Amino acid sequence: MIVLRLLVCAALVLAGVAPAFAQTKELVMGNVNPAKHGTTLAAQQFADKLGELTGGKIKVIHHHSGALGGEREVAQQVQLGTVDFSPITTAPLSTLVPEMSVFQLPYIFRDYQHLYAALDGGDFIRNYYEPILDKKGLKLIGFYATGYRGIYGHFPINSVADVKGKKIRVQEDKILVATFKALGMISTPIAFPEVATALQTKVIDAAEGGINTFYHNKFYDIAKYVADVRHTHQAVALIMSKASWSKLDPASQKAVMEAAKYSEQWNRKFILEEDKDIQAQVKAKGVAITKPDAAPFRQATVSVYEEFYATPGGKDAHKVVDYILSVK
């Protein structure tokens, strides 16, 4: 019997058809961030670990730097199953999953430790979002932290008064639009691949985003001012196509989750290390960093929470907000 099986396998190989267990399954990952960005590095850690855990059975082809489009477009491709994985910032993901806007609520996270405790200290957040994403054709396999967000642009910000009437690019998320409107700014949703051009042509006066993203995308060549307001500490959802997930055998599914956990742990350490000198690196590029008092920004945006609760997604996700705020 064993001899017969070997003969069958040999015949398949000679015919140009490799037996299933000898094939490498290639899966595609789309990612908007550049090669040296922390999210890209964490996603690559996931890809490498998955290959290691499966003995090379699964190979992830990682297309970074927006090669497959902006985050909203890539998320839609993951829904359709034409892309298998993607780390998607929760703001653009909220265009498909409104409940994800929780992560954009102004000052919902106090600092990195609060964000990590909320994501890793229990299963509440994951258990809440898993079935919601499942209904959208998505499999939630992890969360990355990508650092705090501020405002960068063509003018210095030392107080709330300085931002009044300025046109700012925000991620494609209704809560971020409402946040900067509450600050007296003109919120303009723009997909990430278009931000550099919008700043360069001065279609916008400023953009909100991570200071590490500002640095790794070389926005310092365009905008010379950064305001460290920290209106949020950004989370990124590592998602997989539900269709792609269902095609994996149980052992491969287990490997995906183990690889995701490994890359999450790597991400947490990396972000803290990067944060130690990222501002110094930005300043070395001739950029002025201001640190306005956050209290007036926080006070001006309190009403955004009620706006969120008034939406269908916010009404249900109120419980997630309560949970995050309760985390010590």
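I call a residue buried under 20% relative accessible area, exposed over 50% and partly exposed in between, using a 1.4 Å probe and protein chains only. This is a predicted model, so I kept to its limits: local features need pLDDT of at least 70, side-chain atom pairs count only at pLDDT 80 or more, and totals for chains, interfaces and linings use all residues. Residues are numbered from 1 along each chain as its sequence is written, and side-chain values use heavy atoms, with hydrogens and water left out.

**Threonine 213**

Is threonine 213 buried or exposed? I found it buried, because its relative accessible area is 12%. Threonine 213 sits in helix H9, residues 211-216 (a helix is a DSSP run of H or I, at least four residues; a strand is a run of E, at least two; both are numbered from the N terminus). Leaving out residues up to four places away in sequence, threonine 213 touches His37, Phe192 and Phe219 (contact means heavy atoms within 4.5 Å).

**Nonpolar cores**

For a core I took buried Ala, Val, Leu, Ile, Met, Phe, Trp, Tyr and Cys residues joined through side-chain atoms within 4.5 Å. The largest one has 66 residues, and Phe214 and Ile324 are among those touching the most other members. Strand E4 (residues 138-153) gives this core its largest share, 6 residues. I also noted a second, separate core of 21 residues, including Ala43 and Ala259.

**Whole chain**

I noted 15 helices and 9 strands. Of the 328 residues, 53% count as buried. The C-alpha trace spans about 80 × 40 × 30 Å along its principal axes.
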